[in-house]
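Here is a friendly briefing to read alongside the model. Please have the sequence and the viewer open as you go.

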Amino acid sequence: MDLPAPLAWLLDEASASPDPDRFLAELGGRLMAGGLPLAGGALTLAVPHPIIARRTWLWRAETGAVIEALGFAGGSPNEDGRNWLAGLGPVEEDAIGRGPDRPVLGWAGTRPFKPAETGQLRQAARFAAAPLAALAERAALTALLEAYLGKRSAARVQAGALNRGTGEMIRAALLYADMRNFTALSEAREPAAVIADLDAWFDRVAGAIHAFGGEVLKFIGDGVLAIFPVTRMPAEACEAALRAVVAARAGMAHLDARRRAQGLPPLPYGTALHLGEILWGNIGAVDRLDFTAIGPAVNLVSRLEGLCRPLGRSVLISGALAAEIATPLLPLGEHALRGISTPCAVFTLPDA
């Protein structure tokens, strides 16, 4: 059977496309080479994610560039793609397959599409069903892994780091934060209210971590362990971690003010920062693994956070991290940490 080149590609090769943006750009280029007057294209896939409902890739024919737009719960299933295409020209759009979460493939023309051209696009959409099903499955897996593991860890797992003991030594700025008086809080409030309190706390801290390039490795009860990997200079990771702490403090100050206005107690917490080497990889039982970080640096940052209460400070910074940053800090002397053989030089922010 002699198929047009775009359809042959969809049938034989498209399922191997590494990601949706390259699928869209490749298909758009092949359709243009076949004579279709395309100005751009859009591909929308539903994803199982706590916040994101849809991911839309937008391809511009003139430059070949692809950008991504995120759709959140409550919006139109293809609002981003349709609106963007409408700004380029007349739109032809097809929902592929069945069900409310089916992929949507749309195209904008440099002029109105002729009936024969519309037919070609609809035929391409039919042939795209199988490769898009494979892409949607991979996108769903990526979304789930990122929601539970974080972007970097999810990428490592998808790349094949699945065996127990698989890992690598990396240098990173570590952040450990822990809520105070959580036991008393959980005894005084209903379980649903306690969960809401935890979510509000995690939103401020994790949001600040992600905003400055860090990654939450683990939520430990009412605590958070995060890393800022050193990719170039250690000072960059350390400064990013410190900025995340400052941003989280601002977010928590706003939250506590709102809670006081509602007659609720504030949510006090302590935070520690450290720079060190960690083993980042798969650890656990034969049939139940955790992709996390271990090592003396992790032990130190958690022990350091434990000094926040006795020292009366909400932020403590190790000497190793303090040596890498230019921000003025207040020295608090050297302190012995439980389980750590060498005393740790400890610093804090002047207002913490």
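Helices (H or I, at least four residues) and strands (E, at least two) are taken here as DSSP runs, numbered from the N terminus. By that definition isoleucine 195 lies in helix α8. This is a predicted model, in which local features need pLDDT of at least 70 and side-chain atom pairs count only at pLDDT 80 or more, while totals for chains, interfaces and linings use all residues. Residues are numbered from 1 along each chain as its sequence is written, and side-chain values use heavy atoms, with hydrogens and water left out.

**The chain as a whole**

- The protein chain contains twelve helices and 13 strands.
- Its C-alpha atoms fill a box of roughly 80 × 45 × 40 Å along the principal axes.
- Of the 352 residues, 44% count as buried; buried means under 20% relative accessible area, exposed over 50%, and partly exposed in between, with a 1.4 Å probe and protein chains only.
- Contact means heavy atoms within 4.5 Å. Among contacts in the protein chain between residues at least 6 apart in sequence, 59% join residues at least 24 apart.

- Two strands pair if DSSP finds at least two bridges between them. Five strands form an open sheet in the order β3-β2-β1-β5-β4, with antiparallel pairing.
- At the edges are β3 and β4 (91-95), each of which pairs on one side only.
- Neighbouring strands of this sheet are turned by 15° against each other on average, direction ignored. Axes are lines fitted to C-alpha atoms, for helices over the stretch in contact, and angles run from 0 to 180 degrees between N-to-C directions.
- Helix α4 (residues 115-127) packs on the sheet, where α4 touches β1 (38-46), β4 and β5, and its direction makes about 30° with that of β4.

**Strand β5 and its partners**

- Strand β5 (residues 104-109) is joined to β4 by five bridges, and the two run antiparallel. On the β1 side, six bridges join β1 to β5, again antiparallel.
- Alanine 108 in β5 is the bridge partner of glycine 40 and also of valine 91. Tryptophan 107 in β5 stands opposite glutamate 92.
- Because six of the six residues of β5 are buried, the strand is largely enclosed by the rest of the structure.
- In a regular strand the side chains alternate between the two faces of the sheet. In β5, Val104, Gly106 and Ala108 point one way and Leu105, Trp107 and Gly109 the other, and all are buried.
- Strand β4 has a covered face, Glu92 and Asp94, and an uncovered one, Val91, Glu93 and Ala95.

**The largest pocket**

- On a 1 Å grid over the protein atoms alone, a pocket is an open set of points with protein on both sides within 12 Å along at least five of seven lines, a cavity is a set where a 1.4 Å probe fits but cannot get out, and lining residues have an atom within 4 Å of a point. Grid points are joined across faces, edges and corners, and a volume is the space filled by probe spheres set on the points.
- The largest pocket has a volume of about 1,100 Å³. It is lined by 30 residues, and the closest to its centre are His49, Glu146, Ala147, Tyr148 and His210.
- Helix α8 gives the most to this lining, with six residues. Elements that each supply at least two residues include β2 (52-60), α5 (129-149), α8 (191-211) and β10 (288-294).
- The pocket lining divides into 15 nonpolar, five polar and ten charged residues. Ala, Val, Leu, Ile, Met, Phe, Trp, Tyr, Cys and Pro count as nonpolar, Asp, Glu, Lys and Arg as charged, and the others, Gly among them, as polar.

**The cavity**

- The structure holds one cavity of 30 Å³ or more, and the largest cavity has a volume of about 40 Å³.
- Among the residues that line the largest cavity are Leu175, Val205, Ala244 and Tyr269. Helix α9 (234-261) is one of the elements that supply at least two lining residues, and the largest share, three residues, comes from α9.
- The cavity lining divides into seven nonpolar residues, one polar and no charged.

**Two exposed residues**

- Glycine 87 is found in the loop between α3 (79-86) and β4, and counts as exposed because its relative accessibility is 66%. The C-alpha atoms of glycine 87 and alanine 39, 48 residues apart along the chain, are separated by 10.0 Å.
- Isoleucine 195 counts as exposed because its relative accessibility is 51%. Its C-alpha atom is separated by 27 Å from that of leucine 242, 47 residues apart along the chain.
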